[in-house]
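Have the viewer open as you read.

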Amino acid sequence: MDLMEAIKGRRSIRKFKSDPIQEEVLQKVMEAVRWSPSWANTQCWEVIVVKDPHGKSELAKTLAKGNPAFSSMTEAPLVIVLCGKKGISGFKKGEAATVKGDWLMFDTGIAMQSLCLAAYGQGLGTVVVGLFDHKKAEEILGVPQNAEVVAMTPLGYPASEGTAPKRKEFSEFVFYEKYPEK
Ligand SMILES: Cc1cc2nc3c(=O)[nH]c(=O)nc-3n(C[C@H](O)[C@H](O)[C@H](O)COP(=O)(O)O)c2cc1C
């Protein structure tokens with residue numbers, strides 16, 4: 001698949017078939033996380049694959065009922081939870097190297113995009129889920145103190161395609177030489 005075609009064609013999928021995902025296909029998706037760029041190649045990401053229906057249902061309960069991804073959490077055969085180890089990305093000798101502090105959100109964000117694109121390339125659907133009770137999810141998954149849950153996605157074969165929400169025009173976000181004056 002052409003790269004731009006993949007970037008533009010990937011949609012958030014919220015309706016899934018229950019068809020299982022073969023191990024080799026899942027491996028390809030994980031390979032995309034593995035080869036993502038990260039701060040000084042620190043690779044702070046950690047991935048939890050949740051297949052157990054009870055586990056998926058417990059995780060679904062961490063979403064507000066109004067979250068449009070709520071039912072997809074139990075519909076899809078898998079939920080992938082992206083975690084990050086704290087104090088690694090953006091740190092040098094234990095000190096934050098920039099005013100931004102921990103770059104964990106940035107690195108796991110890139111990894112999530114790699115995952116979503118690779119999944120799309122395999123005919124699978126994803127929807128990044130960020131709006132949920134992170135602390136509850138960490139308890140359910142037994143995430144240790146030195147790591148945190150960042151985002152999740154259901155992973156499965158789409159039962160219906162998503163429609164593309166409107167994007168900003170280039171003129172609204174691409175500036176030349178300097179930030180525009182108000
Ligand atoms: C960081 C992040 C958090 C998101 N959280 C949710 C969420 O909690 N529930 C949901 O249904 N979609 C969520 N989304 C999906 C966005 O709504 C979606 O990506 C956006 O509307 C653009 O649509 P597209 O992915 O089809 O291009 C999230 C996306 C990102 C990047």
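**Pocket and helix notes**

1. The largest pocket is lined by Ile-7, Lys-8, Arg-10, Arg-11, Gln-113, Ala-164, Pro-165 and Arg-167. A pocket here is an open set of points on a 1 Å grid, where a 1.4 Å probe fits, with protein on both sides within 12 Å along at least five of seven lines; lining residues have an atom within 4 Å of a point.

2. Bear in mind that this is a predicted model: local features need pLDDT of at least 70, side-chain atom pairs need 80 or more, and totals for chains, interfaces and linings use all residues. Numbering starts from 1 along each chain, and side-chain values use heavy atoms, without hydrogens or water.

3. The largest pocket holds about 210 Å³ of space, the volume being what probe spheres set on the points fill. Its lining splits into three nonpolar, one polar and four charged residues (Asp, Glu, Lys and Arg count as charged; Ala, Val, Leu, Ile, Met, Phe, Trp, Tyr, Cys and Pro as nonpolar; the others, Gly among them, as polar).

4. Now the helices (DSSP runs of H or I, at least four residues). Helix 2 (residues 23-34) passes helix 5 (residues 104-121) with a right-handed crossing, the near helix being turned clockwise from the far one by less than a right angle.

Definitions and conventions. Axes fitted to C-alpha atoms, helices over the stretch in contact; angles between N-to-C directions. Helix = DSSP H or I, 4+ residues; strand = E, 2+ residues; numbered from the N terminus.
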